[in-house]
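Please look over the sequence and the model first.

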Number of protein chains: 2
Amino acid sequence: MESNVLSLVSDHTSPGSRRTTIDIPVPARPLREAYFVSDSTGITAETLGSALLANFPGVHFRRHTIPFVDTPEGARNVVHDLHEAIRSGADPIVFATVKSPEIIGELAASGAVVIDLLGGHLRELEAALGSTASEQLGQYHGVGDIERYFARMRAVEYAIEHDDGQSMRALDIADVIIIAPSRCGKTPTTMYLALQYGLLVANYPLTDDDFPSDGLPATVAPYANRCFGLTTTPLRLSQVRHERRPSSTYASLAQCTLELRRAEDLYRRNRVPFLNSSTKSVEEMSAVIMQSMRLRS
Amino acid sequence: MESNVLSLVSDHTSPGSRRTTIDIPVPARPLREAYFVSDSTGITAETLGSALLANFPGVHFRRHTIPFVDTPEGARNVVHDLHEAIRSGADPIVFATVKSPEIIGELAASGAVVIDLLGGHLRELEAALGSTASEQLGQYHGVGDIERYFARMRAVEYAIEHDDGQSMRALDIADVIIIAPSRCGKTPTTMYLALQYGLLVANYPLTDDDFPSDGLPATVAPYANRCFGLTTTPLRLSQVRHERRPSSTYASLAQCTLELRRAEDLYRRNRVPFLNSSTKSVEEMSAVIMQSMRLRS
């Protein structure tokens with residue numbers, strides 16, 4: 001195992017101070033080069049490859065994504081990089097989402113470890129379906145899928161128009177209305193649902209004005225069955241709000257605690273399903289909302 | 001193979017018309033049930049599973065996504081669904097991104113075909129790295145990854161503020177400025193780059209006002225090296241614009257042809273890299289932009 005050197009420097013700037021450096025050998029985590037190689041965008045190779053690598057916390061990985069490797073020439077460029085890496089003493093690992101068996105073969109012949117995220121599963125599917133995989137079709141992310149493109153474009157524009165209660169023009173066609181106090185994660189979750197699933201998602205901020213009443217705000221009350229609430233922890237909310245307005249009442253722990261308690265009471269009283277966003281990623285929140293609102297086809 | 005029935009109906013509403021129905025047996029594509037089962041959001045299982053299924057265009061798949069299957073009880077619920085499907089004569093195929101070997105085992109024991117998108121690759125990685133995969137770590141999409149969450153939130157808010165040239169407040173910190181005529185796909189691409197990669201992306205519409213001049217619009221000219229252009233085909237642009245304003249000059253083929261030609265001239269003259277969005281998905285455009293602007297770490 002290689003070792004790094006940790007330098008302890010004691011540096012007093014007052015006159016007469018001495019500067020001391022002590023070198024202590026520290027065992028470093030081994031470094032491995034991870035390549036995500038795809039004949040399309042590389043997103044699946046990155047996501048699945050990273051999920052696999054996360055199981056080896058003792059190893060440090062340097063990551064490289066190489067998308068659109070769909071020609072022999074593209075493959076040769078990757079092989080060139082792999083040879084360079086091998087020559088410099090690295091032991092590269094390739095995660096490949098590449099359909100062409102020829103390209104996979106070239107990558108494997110480089111001497112790098114190649115983890116083929118598609119090929120083996122394609123053979124399993126052929127066995128299960130009793131038919132041969134088509135070579136032409138099977139593009140990732142459906143190139144030219146106009147309907148899906150239109151749906152996403154409409155959904156993103158709807159989300160922008162209906163972000164943060166800015167417009168209530170077309171609330172009646174919303175698939176979901178996300179309600180929450182400021183900075184609980186409404187906006188990124190809204191955008192993710194729009195982009196990933198083409199859903200029409202509005203979001204509405206709960207403010208102090210909404211709390212003398214026991215019911216939902218008048219604007220969203222007619223659509224109570226499409227509302228979904230977000231909450232978080234007071235500490236996390238205070239952190240996030242401090243980012244926007246440092247040392248404000250708005251960001252104080254007391255104010256955050258109060259707003260979250262009121263919001264959760266409101267959700268419970270009105271039977272609005274809700275979710276604590278503090279330990280969840282945007283993807284996870286979106287998946288929970290889809291499931292809870294039965295929005296999966 | 002089952003067969004559907006195609007009904008040919010001849011129905012003249014004029015008095016004295018006769019209504020004729022002819023039933024012709026049509027061979028149907030075989031139907032298979034595809035389950036995407038995940039111990040997390042199900043997004044990777046859906047994406048990779050769908051990419052694999054796309055290689056079998058002769059088969060019709062009914063898709064079901066079941067996220068958050070991470071307990072024996074959750075597994076039993078899925079097995080129950082699989083048994084129901086098998087009993088009704090379907091031959092279900094399960095695409096699983098589930099870490100627990102016990103849960104995979106239960107799914108496989110149901111009698112369904114299980115394609116394990118993680119387990120085999122984890123064994124390959126263990127062999128390549130010479131160490132054992134951790135059971136605890138390796139959560140999908142990094143639960144509680146606060147830094148990434150902040151970055152995405154900031155990026156989405158930046159994208160909303162700087163959508164369609166609405167604000168030019170903080171153009172100097174943009175990672176990319178996407179420029180294009182109206183309806184070429186600026187907004188969804190901007191949002192995707194913000195959400196997926198946490199990049200600060202502004203977008204600016206090219207209008208007739210921008211074309212007497214040979215240079216870039218004054219607002220974005222200082223940041224020419226961060227500009228990326230979009231174009232499309234006149235027919236596609238006309239289609240998309242007709243959706244928004246049917247039968248307008250704005251949507252006419254002549255106007256679309258003119259605007260696209262001027263935009264492409266502008267990109268070329270100012271050495272702005274550009275991309276034709278007409279045959280590309282939002283994911284693909286984003287990947288090309290990342291690569292072209294060298295935004296990958």
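## Two packed helices

Helix 7 of chain A and helix 8 of chain A cross in a right-handed way. The model is predicted. Two packed helices are described by the angle between their axes and the distance between the axes. Here helix 7 of chain A covers residues 234-244 and helix 8 of chain A covers residues 253-269; the angle is about 120° and the axes lie 9 Å apart. The two helices of chain A, helix 7 and helix 8, are therefore oblique to each other.

On the side of helix 7 of chain A, the contact involves A:P234, A:L235, A:L237, A:S238 and A:R241, and they meet A:L253, A:Q255, A:C256, A:T257, A:E259 and A:L260 of helix 8 of chain A. Sorted by class, this contact of helix 7 with helix 8 in chain A has six nonpolar, three polar and two charged residues.

## How the two chains are related

Two copies of a chain are related by a rotation about an axis and a shift along it. Chain A is superposed on chain B by a rotation of 180° with 0.0 Å of shift along its axis, and the RMSD is 0.1 Å. The two copies are thus related as by a two-fold rotation axis.

## The interface

In the contact between the chains, 83 residues of chain A touch 83 residues of chain B. About 7,500 Å² is buried between chain A and chain B, and carbon and sulfur atoms give 67% of this area. Within chain A, the residues that lose the most area to chain B are A:N55, A:F56 and A:Y149, together 9% of what that side buries.

Of the interface residues of chain A, 100% are also interface residues in chain B, so the copies meet through the same surface.

Conventions
Residues are numbered from 1 along each chain as its sequence is written. Chains are lettered from A and ligands numbered from 1 in the order in which they are written. This is a predicted model: local features need pLDDT of at least 70, side-chain atom pairs count only at pLDDT 80 or more; totals for chains, interfaces and linings use all residues. Side-chain values use heavy atoms; hydrogens and water are left out. Copies are superposed by least squares on the C-alpha atoms of residues with pLDDT of at least 70 in both. Contact means heavy atoms within 4.5 Å. Axes are lines fitted to C-alpha atoms, for helices over the stretch in contact, and angles run from 0 to 180 degrees between N-to-C directions. Helices (H or I, at least four residues) and strands (E, at least two) are DSSP runs, numbered from the N terminus. Angles under 35 degrees count as roughly parallel, over 145 as roughly antiparallel, 65 to 115 as roughly perpendicular and the rest as oblique. A crossing is left-handed if the near helix is turned anticlockwise from the far one by less than a right angle, and right-handed if clockwise. Ala, Val, Leu, Ile, Met, Phe, Trp, Tyr, Cys and Pro count as nonpolar, Asp, Glu, Lys and Arg as charged, and the others, Gly among them, as polar. Buried area is the accessible area (1.4 Å probe) that two parts lose on being put together, summed over both.
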